[in-house]
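Welcome! Take a moment to look over the chain, and then let us walk through it together.

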Amino acid sequence: MVKSFDTSPKIKTPPSSKWLEPYRIYITDVDLDAVLYQCNVPGEPSIPTILHHGGMVTWKFRKDLFGENKYDCSFAWLKKGTYELKTMAFNVFDEEVVKMCGWNLFELNRCYWLVTQSGAYFSKRNETFLFVSDDNWRYMYEWK
């Protein structure tokens, strides 16, 4: 069972596009004890937060008319046993993610990110993450 924690900053909807392209971002910690994440949202305070095993952070917003929405997140994780610090950072939403998520003007476009021991995966469908080879989940980023 995945527990949902909405610990994300409250993102303001750009006033120029209230009817256009609603999006929801989901980030889930699949198999890490805890991961420290920080998402940079223009005009909002950026606060490092801990996401625990099975936890999820999510937020909803509307894409602005000029495609200037860009949300980047950084992640840090202490690898168990070795205590080696692993990090990764990437855009959870930008014009490239829009192409993968969908571009429906009248329905909610969902973008799913999974953070795992092997890295970050993306999907536009919320289906069970069973195998790395699952066609639904695309491996996107690795830990450094």
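## The chain as a whole

In this predicted model, buried residues make up 44% of the 144 residues in the protein chain. The chain holds one helix and nine strands, and along the sequence these follow the pattern β-β-β-β-β-β-α-β-β-β.

Contacts also link parts that lie apart in sequence. Among the contacts with a separation of 6 or more, 60% are between residues 24 or more positions apart.

## A sheet of five strands

Let us begin with the open sheet of five strands, whose order is β4-β1-β7-β8-β9, with mixed pairing. Its edges are β4 (56-62) and β9 (138-141); each has a single partner strand, so one side of each is left without a neighbour in the sheet. On average, neighbouring strands here are turned by 25 degrees against each other, direction ignored.

Within this sheet you can follow β1 (residues 22-29) alongside β7 (residues 109-116): the two pair in the parallel sense over seven bridges. To find your place, look for Ile 25, which stands opposite Cys 111 in β7.

## A sheet of four strands

Another open sheet has four strands in the order β3-β2-β5-β6, with antiparallel pairing. Here β3 (49-52) and β6 stand at the edges, and because each has a single partner strand, one side of each is left without a neighbour in the sheet. Neighbouring strands in this sheet are turned by 30 degrees against each other on average, direction ignored.

Strand β5 (residues 71-79) pairs with β6 in the antiparallel sense over nine bridges. One landmark is Asp 72, whose bridge partner in β6 is Asn 91. The loop between β5 and β6 contains Tyr 83, a residue other than glycine with a positive phi, near 55 degrees. Most residues other than glycine have a negative phi. Tyr 83 is exposed, with a relative accessible area of 62%.

You will find Asp 94 in the loop between β6 (84-93) and α1 (95-101). Its side chain makes a polar contact with the side chain of Asn 91 (3.0 Å), and the side chain of Asp 94 also reaches the backbone nitrogen of Val 97 at 3.0 Å. Leaving aside residues up to four places away in sequence, Asp 94 touches Asn 69 and Lys 70.

## Salt bridges

Side chains of opposite charge can pair when their charged atoms come close. The count here comes to four salt bridges. One of them joins the side chains of Asp 33 and Lys 80 (3.2 Å, N to O). This pair links distant parts of the chain, 47 residues apart: Asp 33 is in the loop between β1 and β2 (34-40), and Lys 80 is in the loop between β5 and β6. Both Asp 33 and Lys 80 are exposed.

Lys 63 and Glu 95 also meet in a salt bridge (3.5 Å, N to O), with Lys 63 in the loop between β4 and β5 and Glu 95 in helix α1, 32 residues apart. Lys 63 is buried at 4% relative accessible area, whereas Glu 95 is partly exposed at 31%. Helix α1 also holds both Glu 96 and Lys 99, three residues apart, about one turn of the helix; their side chains form a salt bridge (3.0 Å, N to O).

Notes:
Residues numbered from 1 in each chain as written. Predicted model: local features only at pLDDT ≥ 70, side-chain atom pairs only at ≥ 80, totals over all residues. Heavy atoms only, no water. Pairing = 2+ DSSP bridges. Axes fitted to C-alpha atoms, helices over the stretch in contact; angles between N-to-C directions. Polar contact = N/O pair within 3.5 Å; in protein donor to acceptor, adjacent residues only side chain to side chain. Contact = heavy atoms within 4.5 Å. Buried < 20%, exposed > 50% of the residue type's maximum accessible area, 1.4 Å probe, protein only.
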